Amino acid sequence: MPFSEILGQETALATLKAALERDEVPQVYLFVGPESVGKTTTALAFVRALFGNTPVHNKRIGENQHPDLTRIAPDGELTRIWQLWNRPGHPTGALENLSFAPINAPRRVYLIERAETLNEESANSLLKALEEPPRYIQFVLCAPSVTSVLPTVLSRCQVVRFAAVPRETIQKALTARGVADAATIAAYAEGAPGRAFRLAETGELQEQRGALLDLAHRIALSPPIAAFRLAEDLRKLSAPPKVKKGEEEPEEKSSRGDMGRALDVLATWYGDLLQLSLRGPDAPILHADRRTEAREAAAKYRPEQLAACLEALFKSRRHLARNANAQLATEALLMKLAPRT
């Protein structure tokens with residue numbers, strides 16, 4: 001994908017283009033921003049530009065077969081030292097060829113796709129390479145924030161920041177691709193084009209959305225004592241979808257990631273209920289196809305209760321992102337979502 005097709009990252013692209021035009025590219029970049037906003041996509045577009053945007057280079061980069069581009073992804077939850085440097089019983093470390101000049105490109109590029117997963121050992125082993133790389137070496141690290149990488153690594157990087165993309169921009173791109181429910185998908189994408197395109201391609205959102213909205217409607221009609229059963233249903237509905245053979249694992253695929261997206265669906269539902277409660281039965285809502293159920297559910301809550309439900313959902317999402325116990329977190333959440341007389 002060329003720079004021109006990357007959505008909503010004008011500031012980051014301007015920084016990279018200026019460096020390329022001046023031929024003053026820092027040898028170590030750190031791209032920071034939320035998941036799926038385009039960091040890795042931009043990194044690959046940057047490599048294409050660095051290599052000259054020739055058809056041969058671009059084809060090999062797209063097929064992940066370019067001899068001068070090494071992509072380093074985590075092994076499970078961590079990027080480990082044996083992935084970088086030779087260790088007994090493991091494949092050749094990716095950085096062992098650091099002293100070799102590139103084969104047929106101007107630079108040899110190492111793309112560390114999730115630098116936040118470097119453990120202390122692997123991160124510290126990188127420091128000298130980042131501080132004094134050979135002149136033909138280019139590093140690009142990607143991470144969700146500057147605080148998610150070790151300060152010693154951060155100090156050796158030129159930071160390029162990526163922002164959430166406006167909903168309207170994502171919706172327009174989805175519409176241009178012929179996606180029928182572009183507005184709904186754009187709303188769930190939370191400013192992440194990669195997430196939006198994946199949801200559109202897999203149909204994952206539509207499948208999960210219907211079941212979750214059915215559950216949300218049940219919550220409004222159930223007593224607080226039903227919270228434990230409803231929490232179990234929520235966890236089942238949030239199980240990660242199976243990846244088909246030959247498909248690439250999504251960047252944010254994890255049980256916690258899927259629970260987070262499930263809570264996002266519930267948050268949009270409670271946002272609709274709050275709109276109906278405050279502005280009346282004909283208020284504009286995201287789930288317009290569920291207006292009848294939403295009106296029925298909204299009648300079970302007072303506006304301040306709906307606001308509290310939204311706050312509870314946001315807090316639960318943050319707690320789960322910090323490795324809170326999923327069973328305890330969802331049970332506590334469902335107790336708070338139950339309507340009170």
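Q: Is R161 buried or exposed in this model?
A: This is a predicted model, and in it R161 comes out at 57% relative accessibility, which is above the 50% cut-off, so R161 counts as exposed.

Q: Which strand is R161 in, and which residues is it in contact with beyond its sequence neighbours?
A: R161 sits in strand β5, and once the neighbours within four places in sequence are set aside, R161 is in contact with A12, V32 and V146.

Q: What is the C-alpha separation between R161 and G33?
A: The C-alpha atoms of R161 and G33 are separated by 6.0 Å, although these two residues lie 128 residues apart along the chain.

Q: Going out to the sheet, what's the strand order?
A: The sheet is open and has five strands in the order β2-β3-β4-β1-β5, with parallel pairing. The edges are taken by β2 (69-72) and β5 (158-161), and because each has a single partner strand, one side of each is left without a neighbour in the sheet. On average, and with direction ignored, neighbouring strands of this sheet are turned by 20° against each other.

Q: Which strands does α5 touch?
A: Helix α5, residues 120-131, packs on the sheet and touches β1, β3 and β4, with its direction making about 135° with that of β4.

Q: What about α2, which strands does that one lie across?
A: Helix α2, residues 39-50, lies across β1 (28-32), β2, β3 and β4 (137-143), and runs at about 165° to β4.

Q: Switching topic: how do the axes of α11 and α15 cross?
A: The axes of helix α11 (residues 227-237) and helix α15 (residues 326-337) come within 8 Å and cross at roughly 125°, and the two helices are therefore oblique to each other. The crossing in which α11 passes α15 is right-handed.

Q: Which residues meet there, α11 against α15?
A: On the α11 side they are A227, F228, L230, A231, L234 and R235, and these meet A326, Q327, T330, E331, L334 and M335 in α15.

Q: How many of those are nonpolar, polar or charged?
A: Sorted by class, the contact of α11 with α15 has eight nonpolar residues, along with two polar and two charged ones.

Note on methods
Residues numbered from 1 in each chain as written. Predicted model: local features only at pLDDT ≥ 70, side-chain atom pairs only at ≥ 80, totals over all residues. Heavy atoms only, no water. Pairing = 2+ DSSP bridges. Helix = DSSP H or I, 4+ residues; strand = E, 2+ residues; numbered from the N terminus. Axes fitted to C-alpha atoms, helices over the stretch in contact; angles between N-to-C directions. Contact = heavy atoms within 4.5 Å. Parallel < 35°, antiparallel > 145°, perpendicular 65-115°, else oblique. Left-handed = near helix turned anticlockwise from the far one by under 90°. Nonpolar A, V, L, I, M, F, W, Y, C, P; charged D, E, K, R; others polar. Buried < 20%, exposed > 50% of the residue type's maximum accessible area, 1.4 Å probe, protein only.
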